[in-house]
Amino acid sequence: MKAKRQAKILELIRKNDVETQEELSAYLEQEGFVVTQATVSRDIRELKLTKISTENGRQKYAVLSEADNGLMDKYVRVLQEGFVSVDIAENILVIHTVSGMASAVGAAVDAMKLPDLLGSIAGDDTIICVIRSADSAEQVKKILLSLGK
């Protein structure tokens, strides 16, 4: 039951901008899971979910990495130092970086284990990321924009 619930949580936060534990609980109940606040809190901690900023200035839960927080901070710093812009073409993200930084930023993006990121290729100042679907590409773009600030 726990594994199914946690898999559903991951699915829900990928499909919806879930801002609070209460909102996540409501989504889970709509899916037939009976949960308490303590259960949701524990699941969030075990899944290593974090809150990120969305384009409209709100916050939402996201899966960023299974890496420890120290490494995640380093990845975010590399992204922030090298990030210039990101654009979407269907399920492909094109990330532009400062000249010479694409390889480092690409490695940081790969290490973050972003949702539905299948892989990336980096040149000198451009990274191509293949995302599972166009909808997922939009979510990954939002995550990168929030982290790249």
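Contact here means heavy atoms within 4.5 Å. By that criterion, and leaving aside neighbours within four places in sequence, glycine 106 is in contact with Ser120 and Ile127. The model is predicted, so local features need pLDDT of at least 70 and side-chain atom pairs count only at pLDDT 80 or more, whereas totals for chains, interfaces and linings use all residues. Residues are numbered from 1 along each chain as its sequence is written, and side-chain values use heavy atoms, with hydrogens and water left out.

**Terms for secondary structure and exposure**

- Helices (H or I, at least four residues) and strands (E, at least two) are DSSP runs, numbered from the N terminus.
- Buried means under 20% relative accessible area, exposed means over 50%, and partly exposed lies in between (1.4 Å probe, protein chains only).

- Glycine 106 is found in helix H5, and it counts as buried because its relative accessibility is 3%.
- The C-alpha atoms of glycine 106 and tyrosine 75 are separated by 9.8 Å; the two residues are 31 residues apart along the chain.
- Glutamate 90 is found in the loop between S3 and S4, and its relative accessibility of 64% is why it counts as exposed.
- The phi angle of glutamate 90 is near 60 degrees, a positive value in a residue other than glycine.

**Nonpolar cores**

- A nonpolar core is a set of buried Ala, Val, Leu, Ile, Met, Phe, Trp, Tyr and Cys residues joined through side-chain atoms within 4.5 Å.
- The largest nonpolar core has 25 residues, of which Val109 and Leu144 touch the most other members.
- At least two residues of this core are supplied by each of helix H4 (69–82), strand S3 (83–89), strand S4 (92–97), helix H5 (102–111), S6 and helix H6 (134–147).
- H6 gives the largest share of this core, five residues.
- Not counting residues up to four places away in sequence, valine 109 touches Leu79, Ile95, Leu114, Leu117, Cys129 and Leu144.
- A second, separate core has 14 residues, including Ile9, Leu24, Val40 and Tyr61.

**Nonpolar surface patch**

- Patches are made of residues with over 30% relative accessible area and no salt bridge; like charges are joined within 9 Å, and nonpolar side chains (Val, Leu, Ile, Met, Phe, Trp, Tyr) within 5 Å.
- Accessible areas come from the Shrake-Rupley method with a 1.4 Å probe, and for residues only the protein chains shown count as cover.
- Leu118, Ile121, Ile128 and Val130 make a nonpolar surface patch of about 350 Å².
- Strand S5 (117–122) and strand S6 (126–131) are the elements that give two or more residues to this patch.
- Isoleucine 121 has its place in strand S5, and it counts as exposed because its relative accessibility is 62%.

**Glutamine 139 in helix H6**

- Glutamine 139 lies in helix H6, and its relative accessibility of 17% is the reason it counts as buried.
- The side chains of glutamine 139 and lysine 60 are joined by a polar contact of 2.5 Å.
- A polar contact is a pair of N or O atoms within 3.5 Å; within protein, one must be able to donate a hydrogen and the other to accept it, and residues adjacent in sequence count only if both atoms are side-chain atoms.
- Apart from its neighbours within four places in sequence, glutamine 139 is in contact with Arg14, Asp17 and Lys60.

**Salt bridges**

- A salt bridge is a side-chain nitrogen of Lys or Arg within 4 Å of a carboxyl oxygen of Asp or Glu, and a search of the whole structure finds eight.
- Glutamate 46 and lysine 2 form a salt bridge through their side chains (2.9 Å, N to O).
- This pair links distant parts of the chain, with glutamate 46 in helix H3 (residues 37–46) and lysine 2 in helix H1 (residues 2–15), 44 residues apart.
- Glutamate 46 counts as partly exposed at 38% relative accessibility, as does lysine 2 at 43%.
- Within helix H1, lysine 8 and glutamate 11 are separated by about one helical turn because they are three residues apart, and their side chains meet in a salt bridge (3.3 Å, N to O).
- Glutamate 11 also meets lysine 15 in a salt bridge (3.1 Å, N to O); lysine 15 and glutamate 11 are four residues apart in helix H1, about one turn of the helix.
- Lysine 8 counts as buried at 17% relative accessibility, glutamate 11 as partly exposed at 31%, and lysine 15 as exposed at 60%.
- A network of salt bridges links Lys8, Glu11, Lys15 and Glu31.
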